[in-house]
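Keep the cut-offs at hand as each term comes up.

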Amino acid sequence: MAEKPQPVQVLYCGVCGLPAEFCEFGPDFEKCKPWLIQNAPHLYPDLVKDAGAKDGLSDQLQSTSISDGSSKPKEEVKRLPGGKIKKKEKQEVIIEKMTRNKRKCITTVKGLELFGVKLNDASKKLGKKFATGASVVKGPTEKEQIDVQGDIAYDIVEFITDTWPDVPETAIFFIEDGKKVPAA
């Protein structure tokens with residue numbers, strides 16, 4: 001009779017959580033190296049040789065750095081799953097005019113929430129000011145935006161800067177012919 005196969009024991013990295021054989025393909029291999037040298041030296045013999053070959057002088061040289069006198073703390077980089085770096089959103093308001101049925105216009109306002117403006121309150125104020133329908137909808141990028149009926153793209157800039165002083169006019173842009181044009 002044949003023997004039953006035994007389950008395989010897999011060693012997972014304590015730093016990145018991947019199986020130790022795959023750490024070199026993960027996002028933080030440099031951080032994993034000390035853990036791998038200590039816990040899985042048989043998997044990466046080159047790391048063990050490199051660690052043993054270092055002497056005190058090379059450690060000193062690596063720890064010494066040239067500084068310009070300013071001690072700015074490094075900003076912590078936010079990473080998404082898979083190691084991709086998350087970009088910080090620019091604080092800007094984008095106004096776009098779309099036409100439907102060849103004569104009706106819809107003005108879309110994106111990015112007001114980045115300045116601390118509540119979109120529901122903003123849509124009510126825009127609707128009252130311009131005597132049109134205004135609503136908060138989810139855009140194609142799954143972010144909320146304000147849709148206002150009518151062509152009010154150029155009047156809306158003055159209204160936004162007067163109503164919400166936190167929004168500078170330099171942060172307001174129009175989308176014209178697929179290009180971003182500053183409103184100021």
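Is Tyr12 buried, exposed or partly exposed? Tyr12 is partly exposed, at a relative accessible area of 48%. The classes are buried (under 20% relative accessible area), exposed (over 50%) and partly exposed (in between), with a 1.4 Å probe and protein chains only.

The model is predicted: local features need pLDDT of at least 70, side-chain atom pairs count only at pLDDT 80 or more, and totals for chains, interfaces and linings use all residues. Residues are numbered from 1 along each chain as its sequence is written, and side-chain values use heavy atoms, with hydrogens and water left out.

Tyr12 sits in the segment before helix H1 (29-39). Helices (H or I, at least four residues) and strands (E, at least two) are DSSP runs, numbered from the N terminus. Together with Val8 and Val10, Tyr12 forms a nonpolar patch on the surface. The patch has about 330 Å² of accessible area. Accessible areas come from the Shrake-Rupley method with a 1.4 Å probe, and for residues only the protein chains shown count as cover. Patch members have over 30% relative accessible area and no salt bridge; nonpolar side chains (Val, Leu, Ile, Met, Phe, Trp, Tyr) are joined within 5 Å, like charges within 9 Å. A salt bridge is a side-chain nitrogen of Lys or Arg within 4 Å of a carboxyl oxygen of Asp or Glu.

Next, the cysteines. The structure holds zero disulfides (cysteine sulfur pairs within 2.5 Å). Cys13 is buried at 5% relative accessibility, and Cys32 is buried at 0%.

Now strand S4 (residues 144-149), which holds Gln145. Gln145 is buried, at 8% relative accessibility. Leaving out residues up to four places away in sequence, Gln145 touches several residues, including Thr108, Leu119 and Val137. Contact means heavy atoms within 4.5 Å.

Last, the rings. There are two aromatic pairs. Rings of Phe, Tyr and Trp (its six-membered ring) pair if their centres lie within 6.5 Å; planes under 30 degrees apart are stacked, over 60 edge-to-face, the rest tilted. Phe130 and Phe159 are edge-to-face, 5.7 Å centre to centre, with 70° between the planes. Phe130 lies in helix H4 (residues 119-130) and Phe159 in helix H5 (residues 153-163), so the pair ties together parts 29 residues apart in sequence. Phe159 and Trp164 are also edge-to-face, with centres 6.0 Å apart and planes at 85°.
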